[in-house]
Every structure is written in C-alpha cells, then in structure tokens.
Amino acid sequence: MKQRSFGTGKNGEAATLYTFENKNGMVMEVSDFGATLYSLIVPDKDNNPCDVVLGYDSPDGYMGPSGTGFGATIGRNGNRIGKARFVLNGKTYELDKNNNGNNLHSGLDYYHYRMWEVKETTENSITFSLHSPDGDQGYPGTFDVDVTYTLTEDNALQIDYHGVPQADTIVNMTNHSYFNLNGHASGTILEQEVWVDADAFTATDDELIPTGEIVPVEGTPMDFRVKKKIGRDIGENYEALVFGGGYDHNWCLNNNGKFAKVIEMSSDVSGITMEVYTDLPGVQIYSGNYLGEEKGKDGIVYHQRQGICFETQHYPDAINHDNFPSPVVKAGEEYRTRTVYKFI
C-alpha cells in the first residue's frame, strides 16, 4: 500500500489517497474522504493502463454543487424515499427533502462528504469506519459501519459492508461509481454492451419514486437479458425512459438473495469486460443522463452519459412498499453485504 495527500475535507481535515496494486498491474485508489473509490486502473487488451471510473482531483470536486457522487459510499440509505418520510414501529421519521420533496441518498449530510477512520489495512485491502449516531440524517439507532475495499489477485474489486445498529433502522449501503470501460476520459458509454440478470424492474412516477408495481422487462427497452449496447434503446419513447431521461431505474435481480453474477459489461474498443456480483436484491442502473460540463480528474471535462452506475441495493423506497424486500435491520442484528466488480 502507498499513500499520498488528497487535499482537505469539508472541515479542513487532511484527506489521504491509498493505492493498492496487484500482480497483474491492476490498481485501486481509495480515500478516507467519503470512503470514496477514486480510480480503478485495469490493463486493456494491449496491456495499457485504463482508468475505468470517473472522479475528481480533490474533495472540493466531490462536494461540488452537481452532486454526482462519483465513487461514493452511500449511506445510511441509498436511493430515494418518497415524500422523505417513513414509518417504523409505529413512529414516523422525517428526512431531508433534497430531491423534489423526496429524500435521495439520505439527505444533505451525506456519508460521502465525511471523513472516515482507517480501521485496518492489509497488503491488498483497507477498511474504513464511520460512527453514525442515533438520529443521524433522521434515522433511528446508532450505527457503526465498516466498508472494506479489497483488490484481489484475479482482478476483482470487492466491497464489503458491515455494521450492527443499536435500534431498528433502515440500512441500504451502496457504491456510486461511474464506469467507462474505455477509460474515464474516452467519451460516452453508449456503444458498450450490458447484460443484466433481471426479469423485471420497479415502475416509478415522474419523480422516480416507485409506485409499487413490478413490471416485466419483456418487450420493453428495459430488457437486458440478452446483452446489448447501452445506447440501442435509450432514446425510445417509453414512459420509464422519459421519466429518467434515460436509464435511472431499479432492476429486480434474479439472484434470490444469494451472492451471484448479475451484470456483465464489455467494450470491444478496450477489450475489457466487467462482471458484477452481489447478494442484494436490486441494482440501480444510471446512465449518467445529467452529467454535463463536469470538471473531473486529470483536467477532463465529463459530458452526458460518459459513465454508468451499477448501484447494488434494496429497492428504492422499499420501506414504504410491503411487497418489496425489506431494508429494515433489527437492533443488534448484523448487517453484512458484498458486491464485487471483476475484470476479465
């Protein structure tokens, strides 16, 4: 492991970048600012280094007004909660209304704007820890959460989440990295191909809040069961795509709660293929619809659809829909989940 300065956090704290490299030349860089994935360098088909995630050169960019969430560790609850309100054990909890009167990524006091403590390091992994007190972001229960990034020798980025809340609460952690398998500076991802092991997605209203309806992908532009170019159907006049400005929806995965391969993405240009594995029931696929003139790392300006997110998760607004898998973790219960991005 190597480390270097990464500027300062929102309260002037010194941020650090931690670099790991495996025997194949794959490099992972993560920061204690936001437990953020800064870069992921993968050898392409010609064995040239290719940084496949978008990012910024310092914490200032990550805390900018656009709120892209590049590489962010999202918590306590990723994605949206309708009307920024939920009821748990008969009590109503009010959250920040930071997304058209709804709650997005837990509100304005983001986990990914905070400094995380380095709890443990090994030659190929680092564990960041955050103390989230009772009432933090409006959620009940003290929650001490660990996020471990591991770079394996078979070219996988493994992310493990673990914590035990002290009261019944919602926990739905995710990572918000934007991937571009031709490199973060290469333009759009529309010609790259994706396969998703999902027979259905969650329908939403025009504010992207789920209605509770689970819609089969059969015969719709949401069908990725046969691998296709991201851009093939993205411009279709289909209600979900109109509401999202492209893909920005939750797919209901077929893994039945078991750790399994659920996504494959590939590029003919770089020759890189990425497989995504998770034990979570859903994934939010966001095709960077609202990126525009975003000044990123290495002096690059990112434009619309220059990256795509695969945010493994519980379904959005799950707390308000009894037919969705529950995001509630009981007091004293262990929250543990794993997502892997493997490159071949």
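Start with the open sheet of 6 strands, ordered β17-β28-β25-β22-β19-β20 with antiparallel pairing. Strands here are DSSP runs of E, at least two residues long, and helices are runs of H or I, at least four residues, numbered from the N terminus. Two strands pair if DSSP finds at least two bridges between them.

Before moving on, note that this is a predicted model, in which local features need pLDDT of at least 70, side-chain atom pairs count only at pLDDT 80 or more, and totals for chains, interfaces and linings use all residues. Residues are numbered from 1 along each chain as its sequence is written, and side-chain values use heavy atoms, with hydrogens and water left out.

**Stop 1**

Pick A200: its bridge partner in β20 is P216.

**Stop 1: strand β30**

Select 335-343 for β30 and 156-165 for β14; the two run antiparallel and are joined by 8 bridges. L157 has Y341 in β30 as its bridge partner. Then show 273-278, which is β24. It also runs antiparallel to β30, with 5 bridges. Here T278 stands opposite T339.

**Stop 2: aromatic rings**

Rings of Phe, Tyr and Trp (its six-membered ring) pair if their centres lie within 6.5 Å; planes under 30 degrees apart count as stacked, over 60 as edge-to-face and the rest as tilted. The count comes to 22 aromatic pairs by this rule. Select F6 and Y38. Their ring centres are 5.3 Å apart and their planes lie at 70°, so this pair is edge-to-face. F6 sits in strand β1 (residues 2-8) and Y38 in strand β4 (residues 36-43), 32 residues apart in the chain. Are these two residues buried or exposed? F6 is buried, at a relative accessible area of 4%. Y38 is buried too, at 8%. Buried means under 20% relative accessible area, exposed over 50%, and partly exposed in between (1.4 Å probe, protein chains only).

Go next to Y315 and F324. With centres 5.1 Å apart and planes at 75°, this pair is edge-to-face. Y315 is buried at 9%, and F324 is buried at 4%.

Now widen the selection around F6. One aromatic cluster takes in F6, F33, Y38, Y56, Y62, F70, Y178, Y286 and Y302.

**Stop 3: charges over rings**

A charge sits over a ring if NZ of Lys or CZ of Arg is within 6 Å of the ring centre and within 35 degrees of the ring normal. K297 lies over the face of Y38, 4.8 Å from the ring centre. At K228, the charged end sits over the ring of F224, 4.4 Å from its centre.

**Stop 4: the largest pocket**

A pocket is an open set of points on a 1 Å grid over the protein atoms alone, with protein on both sides within 12 Å along at least five of seven lines; lining residues have an atom within 4 Å of a point. The largest pocket holds about 630 Å³ of space. Its lining has 32 residues; S66, G67, R80, L104 and Y286 are the closest to its centre. α2 (239-244) and β25 (282-286) each supply at least two lining residues.

Technical notes. 1 Å grid on protein atoms, 1.4 Å probe; cavity = no way out; pocket = protein on both sides within 12 Å on 5 of 7 lines; lining within 4 Å. Points joined across faces, edges and corners; volume = space filled by probe spheres on them.
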